[in-house]
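Student: I would like a close look at a single part of this model. Could you take me through one chain, step by step?

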Amino acid sequence: MSPGTRIIEVRQNVFKQNDLVARALRERFRDAGVFVVSMVSSPGSGKTTLLEKTLTRLQPQFRVAALVGDLATENDAVRLARSHARVKQITTGTLCHLEAAMVQQALEGWDLHDLDFLFIENVGNLVCPSSYDLGEDLRLVLMSVTEGEDKPLKYPTIFNSADVAILTKMDLAAAAEFDSQAAMHSIEAVRPGMVIMSVSAKSGAGLDDYLEFFRSCRAASHRAPARADAARRA
Amino acid sequence: MHELSIAMSIVELAEEESERRGGLRVRAVHLRLGLLAGVVKDALLSSYEMACEETSLAGSHLVVEEVPGVVYCPACDARRPVRSSEWFSCSACGGVASEIVAGKELEVVSLEVEP
């Protein structure tokens, strides 16, 4: 301590402001009956392709929408618009992650009661998003078979902060000489007991189980029954 | 490079606190930073200087106290220091131990202010 100064105690978490907004969002989502899933991964691991398939395949049964974060361009939103789901891009500029306040702002004017599922695609980054709670019910971390089986060991914090690991681009597994066992062992090392699913958005392999997982998580979260019943209520 | 946005949050938090107490002049901010918080100390220190520019905290210092990572090992039923931030295993038995007990701290502990 320098001379001529005094200390005042603060003891406050730096993420407090974000956590407060995230908590308010989580309550809003629960009250509106929308189940919220966020996706994190490194750039190019297939978040947008998988999300496009997810939105398209859930739509007959559920009302779905997505927020997509990117540093620049609205390309992802344009790609996802092909699914005919409601999609909004959040352009973060130079910021390498989404924060709860950005999600809150992007949802302005949305009636969340109109939705059963909301997906939030974070900026492609395996470091920064880990500390920012977005009010989601479920956080997915994606890892493609071309990235190397030890990725979880290199980025343990993000794997530790996520609920589910999705191995993507399984159609390339043989060409990439991907070792599934080694990858699962790496995930298990940083997050024992983590739910792990393998999918290929291109061939469709594994997608049925992956989508069924969301349905069962939504059902277990005691959200209002989807679409048909909601329409009857309204 | 999320250290800059974290530094900005720290400056905001410190400004709010000093204003709440009648506009104290802040000389230094004391921070506890966990090994597993996912924040690089050096990057945070240089970002802090930038984040302070044109605020009432301009010219103040960030003092960082590093907190080691501690995990719970179910096999030993004990708390153990982590070997590194890349490997969540027990330093005694080598078993998997991913339940983090300490090391995720990112907390403004106190402000050093002019009397």
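Tutor: Let us start at one pair of residues. B:Cys73 stands opposite B:Ala78, which lies in β4 of chain B. Keep in mind that this is a predicted model.

Now widen the view to the strands. β3 of chain B covers residues 70–73. Four bridges join β3(B) to β4(B). The two strands run antiparallel.

Next comes the sheet around that pair. It is open and has three strands. Their order is β4-β3-β5 in chain B, and the pairing is antiparallel. What stands at the edges of this sheet? The edge strands are β4 (78–81) and β5 (99–102) of chain B. Each has a single partner strand, so one side of each is left without a neighbour in the sheet. The strands are also turned against each other. Between neighbouring strands of this sheet, the angle is 45 degrees on average, with direction ignored.

Chain B has two helices and six strands. Read from the N terminus, its elements go α-β-α-β-β-β-β-β.

How is chain B built overall? Its C-alpha trace spans about 50 × 25 × 15 Å along the principal axes. The radius of gyration of chain B is 17 Å, whereas a compact globule of 115 residues would have one near 13 Å. Of the 115 residues in chain B, 40% count as buried. Look at the contacts in chain B with a separation of 6 or more: 68% of them come from residues 24 or more positions apart.

Now turn to the partner chain. Which residues meet there? In chain B, 29 residues are in contact with 32 residues of chain A. Two elements of chain B give two or more residues each to this side: α1 (3–20) and β6 (106–113). The largest share comes from β6(B), with eight residues. By class, the side of chain B that touches chain A has 15 nonpolar residues. It also has seven polar and seven charged ones.

One residue pair shows it: A:Arg6 has B:Val113, in β6(B), as its bridge partner.

Within chain B, B:Cys73 faces B:Ala78. Between the chains, A:Arg6 is the bridge partner of B:Val113.

Notes. Residues numbered from 1 in each chain as written. Chains lettered and ligands numbered in written order. Predicted model: local features only at pLDDT ≥ 70, side-chain atom pairs only at ≥ 80, totals over all residues. Rg over C-alpha atoms; globule rule 2.2 N^0.38 Å. Buried ≥ 20, exposed ≤ 12 C-beta atoms within 10 Å, placed from the backbone. Contact = placed C-beta atoms within 7 Å. Pairing = 2+ DSSP bridges. Axes fitted to C-alpha atoms, helices over the stretch in contact; angles between N-to-C directions. Nonpolar A, V, L, I, M, F, W, Y, C, P; charged D, E, K, R; others polar.
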